[in-house]
Amino acid sequence: MRLTRYFLPVLKETPSEAQIVSHRLMLRAGMIKQAAAGIYSWLPLGYKVLRRIEQIVHEEQVRAGHIPLLMPTLQSADLWRESGRYDDYGQEMLRITDRHGRDMLYGPTNEELITDIFRGHVSSYKDLPLTLYHIQWKFRDEIRPRFGVMRGREFLMKDGYNFDLTKEDALHAYNRHLVSYLRTYERMGLQAIPMRADSGPIGGDDTHEFLVLAETGESEVFYDSAVTDIRLGEREIDYDNVDQCRAVMEEFTALYARTDETHDEARFNEVPEDRRRNARGIEVGQIFYFGTKYSEPLGAVVQGPDGKQSPVHMGSHGIGVSRLVGAIIEASHDDRGIIWPEGVTPFHCGIVNLKQGDAEADAACEQLYSALTAIGLEPLYDDRNERAGGKFATMDLIGLPWRITVGPRGLKNGVVELTSRRTGDSEEVSPEEAVRRIAAIYEPHR
Ligand code: 5CA
């Protein structure tokens, strides 16, 4: 993409309505525009990041054996009356009446709808285990939408639902989700710690939230600092292997880590004092096991190997896809702007032409642009007639992890400058070497 042809409405001023850094930077970098309280349009740069995050979520879900589908955002109230949640959900649910006077709602979550699909088509244990998921817009009429996309009213969620014959099988699905979520967040350059939590309106006893530590987080958390040393890394996971998934789950949840709702002072005090932490975090996902809470009232039953009918054991598992954009920025920025991790960056690198209109500099930029594009990378070429300082400021604000700077002086010596946004370190290399280096950096992310 060439900047002169793109739509990147960056703001010079810091928007006064934004209280936290991710919201400020998303507005300043032209990523989003508020349409109504807690409802946003995703402008091209923001949309690109959202898509990258979605793609990682899809890939990791499919790797874990989960099957994508797509359910509608508008649902009939009748299904929610069957589960008993229509009245329970309260004012967070946006209720709508259609022209025939039928009660509808904009889905805040999909347990009922997915259970309806299941009961209509599955009747035997032979079709289990089954996990279906989608990435879809939700609406919750939050009393206090704030912090931009972090607490929106309309937001994008990955929600997945497992159907199993027994509790034991459903707990494997729970563990499998936990492991796949760890991988998902790590690919985005994030550390999200599973913490024992409260199940709220979804219900059930077993639930973990995934928290990214950040001062601006809305959740208060208590944990043993040793949990922050554990990484999934590159280990091979066989998602069908019950023992392996359980072992990873146990490894990541053995140490004390809880949100304030489930915090237990006595147990916390057993943690060595120098490792006790009380901090804040951003909830970027949550997994639940709730047994037959929905399958029983909605009649989602299967015939077991013994010929007996029984309600399936279920759980649901959510990732805050749009919230993640804000969470990643909270975790990765400096006073000049965003610093995208390579896994989610909207463009792989920036090309800055220090002297637009100089025949040699223009030609070198064009060559870099085609060489990078030819190997499947997406550069953003700043081809505006602007001063170098303005171009650098834009690149720093929008946070591309790598920048190639091209100017007549360097070209005389056959070099361009390759700069890391994270460290600020620059190196002079030949244009060909710059392309090779960028290709190698992104190799693990493709
Ligand atoms: N049905 C279950 C799991 S599929 C469910 O709805 N879980 S949830 O309520 O925990 O939501 C899943 C994730 O969506 C949360 O962890 C959070 O990251 C994100 N989320 C929830 N509310 C909002 C909101 N108002 N704005 C942005 N993201 C949100």
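**View 1. Strands E22 and E23 pair in the antiparallel sense.** In this predicted model, strand E23 covers residues 426-429 and is joined to E22 by 4 bridges. Val 416 stands opposite Val 429 of E23. The two strands form a hairpin, with 5 residues between them. Gly 424 lies in the turn and has a positive phi of about 80°.

**View 2. Strand E22 also pairs with strand E21.** E21 runs over residues 402-406, and its pairing with E22 is antiparallel, over 4 bridges. Trp 402 has Ser 420 in E22 as its bridge partner. E22 itself spans residues 416-420 and is mostly covered. Of its 5 residues, 4 are buried.

**View 3. Helices H2 and H6 cross at roughly 150°.** Two packed helices are described by the angle between their axes and the distance between the axes. H2 consists of residues 44-63 and H6 of residues 167-187, and their axes come within 9 Å. Because angles over 145 degrees count as roughly antiparallel, H2 is roughly antiparallel to H6. The crossing of the two helices is right-handed.

**View 4. Residues of H2 meet residues of H6.** On the H2 side, the contact is made by Ile 56, Val 57, Glu 59, Glu 60, Gln 61 and Arg 63. On the H6 side are His 177, Ser 180, Tyr 181, Arg 183, Thr 184 and Arg 187. The residues of this contact divide into 3 nonpolar, 4 polar and 5 charged.

Conventions: Residues numbered from 1 in each chain as written. Predicted model: local features only at pLDDT ≥ 70, side-chain atom pairs only at ≥ 80, totals over all residues. Heavy atoms only, no water. Buried < 20%, exposed > 50% of the residue type's maximum accessible area, 1.4 Å probe, protein only. Pairing = 2+ DSSP bridges. Axes fitted to C-alpha atoms, helices over the stretch in contact; angles between N-to-C directions. Parallel < 35°, antiparallel > 145°, perpendicular 65-115°, else oblique. Left-handed = near helix turned anticlockwise from the far one by under 90°. Contact = heavy atoms within 4.5 Å. Nonpolar A, V, L, I, M, F, W, Y, C, P; charged D, E, K, R; others polar.
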